[in-house]
Amino acid sequence: MSPHTSKKALDGGWGWVIIVACFMAQFLAYGSPQSVGILYPEWLHAFQEGKGMTAWVGSLVSGVGLIASPVCSACVDNFGARPVSIFSGVMVAGGLMLSAFAPNVQFLIFSYGIVVGLGCGLVYAATLTITCQYFDKRRGLALGIVTTGTSVGGFLYATAQNELIVLFGLEGCLLIIGALALNLMACAGFMRPLNMPGYYLKQKAALERTKEPLFKKPPADDLKTTPGTAEKNLAVKDHLITIDAKDITTPDNKGGFMAGLAIVKIIKKKRQAYSKYMHSTADFLHDRNFMALCIAIFLFSLGAFPPVLFMEDVAQSEGLIDEVRIIPLVSIVAITTGVGKLTLGMLADMRWINSVFLYAFTLLGTGTALLLIPISKSYVGLQVLSAVVGFFSGNWSLTSYITTKIVGLDKLTQAHGILMFFGGFGIMLGPPVVGWFFDWTQSYDLAFYFSGGSVLLGGVTLFLCALPCWDKKKADIDRPDIQYTSNCDKVASVA
């Protein structure tokens, strides 16, 4: 696309088709993982393993994809959202179908936890990246709609999987859900790229280089980044993409010695480029606001994800219900999460609301609700607290928005990958820790006190680090000659 067309495409046009395609992609990919709490009691009964061991399945399917977010983001940068989404459809569908034939929990950890989890991570990175490319002013609303697909999928899949298990058994349920996941490839067909991915840029540059005379480098203008970018200097990521075409010459008629020198030169250039790439990644962790967000999302994921997996088992262990209801607690969490994503996404677009403080508030609300779960001794109380936890868990729609505000759109995929790594690590550890607490104490009370305390700690940490006074102190140090007459002379907003 031309720069004019690229600019015109923002906040409308084909962008609405992108929203629908990304919504359906997240719906199909995350439907079963978001309602894994329905499958968890079935796996406990089928394999007779401990709660801690079996919980690894549910934690890995949500955690592995997020931990691998830097790799997933790199795949989207190099190959584009469409090819990555097609490949992820094969992984999600194949992992679900393999899980139908799992002989033990260890095989299930691989097929459902790792394979399906990596596929979901690829879908998540692809859908968020292409949505941010197509939307600017309405980015918060667009991300809210897209990420609601996971919640709607969890709500519908919870009831569907419950009924499919009754009709066809656990194996038949996983086969049918896996077949539905193949529609991810159809959703990928609508993800038309605004900008050419890095892989195609490299191929184009290499093709143009072959048409040039020997020992003549291609013009620098042909190796610039995607159309529509205004930067005159190549970013570190783009330097990695184009370094091959810029530095490789054809030394065929100079003999083996010249060829060896060329290879050594290429290796040195590659090492320098990747060193710069790693340094740019480390720079993110030196930013106070970004690092506080990483810590907050780790603690939130550590404490807030276990209720999705254990809520039904909590109700059954306390004797509040005999079997899973038609609308289980997992469905309540999922649908209220969808409402929370839309609401929080719209709030983030308002100028007078600080998105970082909004995110910190959701953590404080979630932690308070988790601390009240052990006190609640009725099924209605669990339903209300599930709704509260679900609504505030909709803050996942704010992560890309806040990351864009902190580091900029050009560094979104790289920074978001780091952020999701912390989130995935917390999600992976949370359910096994809660399961081990139950195996140790035969009660969920201590486990939920731990979960609530972790989330509250994350909210308090983010709130304190985002206070404007830190920026004012830094400004005072940088400009000691300036005297402020009051604390309100400089107002700093993190996002």
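Colleague: What should I know about the source before we start?
Modeller: The model is predicted, so to speak with cut-offs: local features need pLDDT of at least 70, side-chain atom pairs count only at pLDDT 80 or more, and totals for chains, interfaces and linings use all residues. Residues are numbered from 1 along each chain as its sequence is written, and side-chain values use heavy atoms, with hydrogens and water left out.

Colleague: How many aromatic pairs does the structure hold?
Modeller: There are 11. Rings of Phe, Tyr and Trp (its six-membered ring) pair if their centres lie within 6.5 Å; planes under 30 degrees apart are stacked, over 60 edge-to-face, the rest tilted.

Colleague: What sort of pair do Phe27 and Tyr157 form?
Modeller: Edge-to-face, at 5.6 Å centre to centre with 80° between the planes.

Colleague: Where in the chain are they?
Modeller: Phe27 is in helix H2 (residues 14–34) and Tyr157 in helix H8 (residues 139–181), 130 residues apart. Helices (H or I, at least four residues) are DSSP runs, numbered from the N terminus.

Colleague: Is Phe27 buried or exposed?
Modeller: Buried, because its relative accessibility is 14%; the class means under 20% relative accessible area, with exposed over 50% and partly exposed in between (1.4 Å probe, protein chains only). Tyr157 is buried too, at 6%.

Colleague: And Phe421 with Phe422, what geometry?
Modeller: Edge-to-face, 6.0 Å between centres and 90° between planes. Phe421 is partly exposed at 36%, and Phe422 is partly exposed at 22%.

Colleague: Which residue lies over the face of Trp14?
Modeller: Arg192, at 4.6 Å from the ring centre. The criterion is NZ of Lys or CZ of Arg within 6 Å of the ring centre and within 35 degrees of the ring normal.

Key:
Helices (H or I, at least four residues) and strands (E, at least two) are DSSP runs, numbered from the N terminus.
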